[in-house]
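Visitor: Could you take me through this structure, beginning with the strands and ending with the annotated positions?

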Amino acid sequence: MFEHEGIHMTPPSSTQTIPEHHTVPHHVAVIMDGNGRWAKKRFMPRVMGHKKGLDVLENMCRVCDRAGVRFLTVFAFSTENWRRPEDEVSFLMNLFLMALQKRVVKMHQNNMRLRVIGDRSRFSEAMRRSIDEAEAMTRGNTGLTLTIAADYGGRWDILQAANALIAEGVQHITESDLSGKLMLADVPEPDLFIRTGGETRISNFMLWQMAYAEFYFTDTLWPDFDEEHIHRALSSFAQRERRFGRTSEQLPVEQQRAP
């Protein structure tokens, strides 16, 4: 479980309260899909698409930070991705390690915070050490928080939360109890979920937390997802009518979608 330093309360749940209205999402969650297909179209090894994808992620951090997004959570490696070819998994792990060692310094200089969520038990000792060092370096930063979900799954997240409560002897688990034990329990739920690459599913990503997220699917492959595409997604969110169970007529006039 991620340590929640200095956290005194869990952010409100979208199913228990009505979140404050805002046109810029506070929290954006992303599945960065299409790296392998991007490389294949260019007659490159699949791994080159993943390498290009790192540059795109760095750019997205800058754009989101300028736009006012406070939290960006990306699905880098799922619990199911271990099923991929061994050489690709090995490359992804090494790429992740190199990114932690090299790019985190730039994030720190830009006042961004880095966090990693997921089951770290299958990572190498060098990987776990680099994660700890990267998180420690950027912990005090106040700009955009980039969270990388690695060896993460939404069902795993719920199970580890439930098991933590059972270990504490909690017998009648409430929504607040479970929410408080999830990864990123101290962060607002995602407002906007983006998936690139043409697939229209959430693939076991933040299942509990995205109960009321707005979904944005695009055919654009992740390595081609540039600043213009990011702004399109943010603009789409700004035009959504977020009712949270209410009718349109119950919303304040300024939040109602034009007929």
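This is a predicted model: local features need pLDDT of at least 70, side-chain atom pairs count only at pLDDT 80 or more; totals for chains, interfaces and linings use all residues.

Visitor: Which strands does strand 5 run parallel to?

Guide: Strand 5 (residues 192-195) runs parallel to strand 1 (residues 27-31), with four bridges, and parallel to strand 6 (residues 214-217), again with four bridges. Strands are DSSP runs of E of at least two residues, and helices are runs of H or I of at least four, numbered from the N terminus; two strands pair if DSSP finds at least two bridges between them. Isoleucine 31 stands opposite arginine 195, and phenylalanine 193 has phenylalanine 215 as its bridge partner.

Visitor: Which residues touch the most other members of the largest nonpolar core?

Guide: They are Val30, Met60, Leu72, Leu146 and Ile194, in a core of 41 residues. Helix 3 (residues 86-109) gives the most to this core, with eight residues. A second, separate core of 15 residues includes Phe193 and Met183. A nonpolar core is a set of buried Ala, Val, Leu, Ile, Met, Phe, Trp, Tyr and Cys residues joined through side-chain atoms within 4.5 Å.

Visitor: Where does UniProt place the "active site" feature?

Guide: The unreviewed UniProt entry places it at Asp33 and Asn81; such annotations may be inferred rather than shown by experiment. The largest C-alpha distance in this set is 12.4 Å, although it is spread over 49 residues of sequence.

Visitor: Why does aspartate 33 count as buried, and what does it contact?

Guide: Aspartate 33 counts as buried because its relative accessibility is 16%. Leaving aside neighbours within four places in sequence, its contacts (heavy atoms within 4.5 Å) include Arg195, Glu199 and Trp222. The side chains of aspartate 33 and arginine 195 are joined by a polar contact of 3.0 Å. A polar contact is a pair of N or O atoms within 3.5 Å; within protein, one must be able to donate a hydrogen and the other to accept it, and residues adjacent in sequence count only if both atoms are side-chain atoms.

Visitor: And asparagine 81, buried or exposed?

Guide: Asparagine 81 is buried, with a relative accessible area of 17%. A polar atom of its side chain lies 2.8 Å from the backbone nitrogen of serine 78.

Methods: Residues are numbered from 1 along each chain as its sequence is written. Side-chain values use heavy atoms; hydrogens and water are left out. Buried means under 20% relative accessible area, exposed over 50%, partly exposed in between (1.4 Å probe, protein chains only).
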